[in-house]
Amino acid sequence: MQRLLALLTWLAFPVYVWQGLGVRRRTSRMLPARGPVLHEIPGEAPPVALLVLGDSSAASVGIEQSEYGLAAQLAGLIAERTGSAVRWRAAGFNSATSGQIRDHVLPNLSADPWTHIVLAIGTNDTKNFHSVPRFKKEFGGLLYALRAKWPEARVVWSPVLEFTRAPAMPPLLGRILEVRATEMNRMGVRLCNERGAIAAARLPITNPEAGFASDGFHASEAGYRAWAEHLLDFVLGDEASNLT
């Protein structure tokens, strides 16, 4: 039934274009947060090396300072939970899709020994109306490339957020994109299971008013904090169990 709904969204493509253009006109384009994208938190050895890779969410778009973004907040939580030193990097790029990260970003990242990699990607693949087969090829290729470059890293993917909860989304457009996001997430989970990555549970959005930035689409400081808290156990895995 869900796949049939996804096919039917193509019939709604004119609505997607019409309402999507309206959202674009009304929404101010926000820049990445100011502040460091590389940082270290002192602690015990061995250190945790965290790379947060992906789209504008990885770049902390929606807030003023990077210290309140996803990478920095997740790194801080890891340090608090484990007592370990944490070295982190946020490699986020506005409007990036899985294919763009695979083809233009990953080849240009130095092969630093990251122990944990978080992928915040898939929203633009969905928003740009990419097909599921295209997402399979591009996101699946990204997972292969990450595994080849960092074979021992723990790779965690954060699935596409719920479009109907974003304040900037008109209800009909949100429902259209949500149908497609569900299919993207289904494929993403399958690819993670097949290719040595961990698919986190979808982030529950309980308070959109507090969780989204002024543009109604990107996360606020509180939203990034909630996202980091949600991902912590997925990122640490067995390490989290051993500490409880």
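Q: Which are the buried residues of helix 6?
A: In this predicted model, where local features need pLDDT of at least 70 and side-chain atom pairs count only at pLDDT 80 or more, while totals for chains, interfaces and linings use all residues, they are Phe135, Glu138, Phe139, Gly140, Gly141, Leu142, Leu143 and Leu146. Residues are numbered from 1 along each chain as its sequence is written, and side-chain values use heavy atoms, with hydrogens and water left out.

Q: Why is the pair of Phe135 and Trp157 called tilted?
A: Rings of Phe, Tyr and Trp (its six-membered ring) pair if their centres lie within 6.5 Å, and planes under 30 degrees apart count as stacked, over 60 as edge-to-face and the rest as tilted. Here the centres are 6.5 Å apart and the planes stand at 45°, so the pair is tilted.

Q: What makes Phe163 count as buried, and what is Phe217 called at 22%?
A: Buried means under 20% relative accessible area, exposed over 50%, and partly exposed in between (1.4 Å probe, protein chains only). Phe163, at 2% relative accessibility, therefore counts as buried, whereas Phe217, with a relative accessible area of 22%, is partly exposed.

Notes: Helix = DSSP H or I, 4+ residues; strand = E, 2+ residues; numbered from the N terminus.
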